[in-house]
Amino acid sequence: LIQERRKFGPLGWNIPYEFNDTDLDISQKQLEMYLDAYDDVPYDVLNFLTSYINYGGRVTDAIDLRTIDRILKNFYNENILDD
């Protein structure tokens, strides 16, 4: 979803970023590692790692960083496992 927003230019991000598959790959590997390591899913940790470290490391605009954080909070939360 984060990478897809690039298609919308200024409507997607304030600044164009060069997100790539490596950002997604490391985020997936961290998710798998944390799910295997903990009985309770550390949603806040996963959200922080993905939004501020993996993707956020490329982001220079505060609003874009906040946008990534909010997008990922929709996925990294307890309700994601509900049917």
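**A tyrosine and its surroundings**

Analyst: With a relative accessibility of 17%, Tyr34 counts as buried, because buried means under 20% relative accessible area. This is a predicted model, and every value here is computed from it. The ring of Tyr34 pairs with that of Tyr38: their centres are 5.6 Å apart and their planes stand at 15°, so the pair is stacked. Tyr38, at 46% relative accessibility, counts as partly exposed.

Two packed helices are described by the angle between their axes and the distance between the axes. Helix α1, residues 21-37, packs on helix α2, residues 43-55, at an angle of about 160°, and their axes are 10 Å apart. That angle makes α1 roughly antiparallel to α2, since angles over 145 degrees count as roughly antiparallel. The crossing of α1 past α2 is right-handed. On the α1 side the contact includes Leu31 and Tyr34, while α2 contributes residues including Leu49 and Tyr55. Sorted by class, the contact has eight nonpolar, four polar and one charged residues.

Tyr55 leads on to another ring pair. The rings of Phe19 and Tyr55 have centres 5.3 Å apart and planes at 75°, so this pair is edge-to-face. Phe19 and Tyr55 are both buried, and together with Tyr17 they form one aromatic cluster.

Note on methods:
Residues numbered from 1 in each chain as written. Predicted model: local features only at pLDDT ≥ 70, side-chain atom pairs only at ≥ 80, totals over all residues. Heavy atoms only, no water. Axes fitted to C-alpha atoms, helices over the stretch in contact; angles between N-to-C directions. Helix = DSSP H or I, 4+ residues; strand = E, 2+ residues; numbered from the N terminus. Parallel < 35°, antiparallel > 145°, perpendicular 65-115°, else oblique. Left-handed = near helix turned anticlockwise from the far one by under 90°. Contact = heavy atoms within 4.5 Å. Nonpolar A, V, L, I, M, F, W, Y, C, P; charged D, E, K, R; others polar. Phe/Tyr/Trp six-rings, centres within 6.5 Å; stacked < 30°, edge-to-face > 60°. Buried < 20%, exposed > 50% of the residue type's maximum accessible area, 1.4 Å probe, protein only.
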